[in-house]
Amino acid sequence: MKPISIAVVFVIIILPFLFITGQQAEIAKEDLKLRCYYDYVIDNAVQDAAFMLSQRAGQLTYGENPDNSSLKDLLVKDFFDSLYYAFNVYGNKTLMARIESYVPVLVYLEWDGFSLYAIKSFKNEQGITEVRHVWLTKKHYVGEVLDDRYSIRYTLSDHVYIYDRVSHSVLEGNYYSFQDRIPSFNDQQKFYDLKLASIRRSIEKELEMYMEEYKELAGSRRLSVDFSFPSVDQGDWKRALEDQGLLIFAQGFPVLRGQKYEHYALGCARIVRRALLVGYHYDIRKLFCKTSCDFYHREVEASPGFDAENIIYFNNAYDAASDGFSPCPKCRP
Ligand SMILES: [Zn+2]
């Protein structure tokens, strides 16, 4: 970091800590406090933003198509607003930009893919070069080719998209509906492992590509924070896959001593979307299931009397019951 740029932040953040220190041991203690404070502020900002996301998107069902671009813009705005307020720099453009530079990359995780919100250099409409966060193109969670034949695109749920390289056809649906074609999908744990590895690799690949750009940018321009490849615990990757959310990488916040500050934080929206319910005739009964119900997919759909024309979708159990459908005893919708 250049001396001039650190000076600004030094005054607002570090100076108060130094006032009460003097000795090495004290400095070490204050350094730890400062790092913990950054962790706390960043974790809170991510969780706040994710909470707001769940508030805004909570009413949506999978069938609806929300204006995702504005949803993700609000998400990152909430995140940075929290940081500006925590560091008391709201309204001060220079210091706000300084804070932004300490969080060079954010990853917005969606059901069927992810987008990086990262610092880039570009020419604006007036032809002036700007260096700031922009959304990069959304990418899918692409897995390795299975059985030399199937290219798989994963989602945060059990839904998969499959490209069959032999028949050149595209299939989609719950992974267990392809168990007869793809042996790896016969074992739930194996499927989850494949999915986790694929999503992780997709994001890491994208981050690696961005790192190259960032290095070039840092070498040629006024970026002062040196950004190193973030490592994320396996357990946190698993958590990241639970739901739509935000994964952020913070680096370079000023510290008093020792190693560079590095932190990542994850906020999951845990959006409880109202999954669609499916009503159907089975034997002589009218039943309804969650669309993810194993019993429905394994037994009902495969039964000889099943008529796909006859199925009906409901938004909630109340509507289904009103129509004379009884809840499936297996998935308890
Ligand atoms: Zn069921």
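Visitor: Which residue forms a salt bridge with Asp164?
Guide: Arg149 does. The closest N and O atoms are 2.8 Å apart. Keep in mind that this is a predicted model.

Visitor: Where do Asp164 and Arg149 lie?
Guide: Asp164 is in strand E6, residues 159-164. Arg149 is in the loop between strand E4 (141-146) and strand E5 (150-154). The two are 15 residues apart in sequence, so the pair ties those parts together.

Visitor: Is Asp164 buried or exposed?
Guide: Asp164 is buried, with a relative accessible area of 1%. Arg149 is partly exposed, at 27%.

Visitor: How many salt bridges does the count come to?
Guide: The count comes to 13 salt bridges. One of them joins the side chains of Arg35 and Asp31, at 2.7 Å from N to O.

Visitor: How are Arg35 and Asp31 placed in helix H2?
Guide: They are four residues apart in H2, which spans residues 24-57. That separates them by about one helical turn. An α-helix has 3.6 residues a turn, so residues three or four places apart point the same way. Both Arg35 and Asp31 are buried.

Visitor: What about Lys215 and Glu212?
Guide: Their side chains meet in a salt bridge too, at 3.6 Å from N to O. Both lie in helix H5 (residues 188-220), three residues apart. Glu212 is partly exposed, with a relative accessible area of 48%.

Visitor: Which residues are linked in a network of salt bridges?
Guide: Glu110, Asp112 and Lys138 are.

Visitor: New topic. What are the protein donors of the zinc ion?
Guide: The SG atoms of Cys289, Cys293, Cys328 and Cys331. They lie 2.2 to 2.4 Å from the zinc ion. The site is tetrahedral, with angles of 102 to 125° among the four donor atoms.

Visitor: How are those donor residues spaced in sequence?
Guide: The spacing is C-x3-C-x34-C-x2-C. Cys293 sits in the loop between strand E11 (285-290) and helix H7 (294-300). Cys331 is in the segment after strand E13 (326-327). So this pair ties together parts that are 38 residues apart in sequence.

Visitor: Are Cys293 and Cys331 buried or exposed?
Guide: Both are buried. The relative accessible area is 4% for Cys293 and 13% for Cys331.

Visitor: How many disulfides does a search find?
Guide: Zero, across the whole structure.

Visitor: Last one. What caps the N-terminal end of H4?
Guide: Asn92 does. A side-chain oxygen of Asn92 lies 3.2 Å from the backbone nitrogen of Thr94. The buried residues of H4 (93-101) include Leu95, Met96 and Ile99.

Methods. Residues numbered from 1 in each chain as written. Predicted model: local features only at pLDDT ≥ 70, side-chain atom pairs only at ≥ 80, totals over all residues. Heavy atoms only, no water. Disulfide = S-S within 2.5 Å. Buried < 20%, exposed > 50% of the residue type's maximum accessible area, 1.4 Å probe, protein only. Polar contact = N/O pair within 3.5 Å; in protein donor to acceptor, adjacent residues only side chain to side chain. Donors = N, O, S within 2.8 Å, 3.2 Å for Na, K, Ca; no water. Tetrahedral: all angles 85-135°; square planar, octahedral: opposite > 155°, others 65-115°. Salt bridge = Lys/Arg side-chain N within 4 Å of Asp/Glu carboxyl O.
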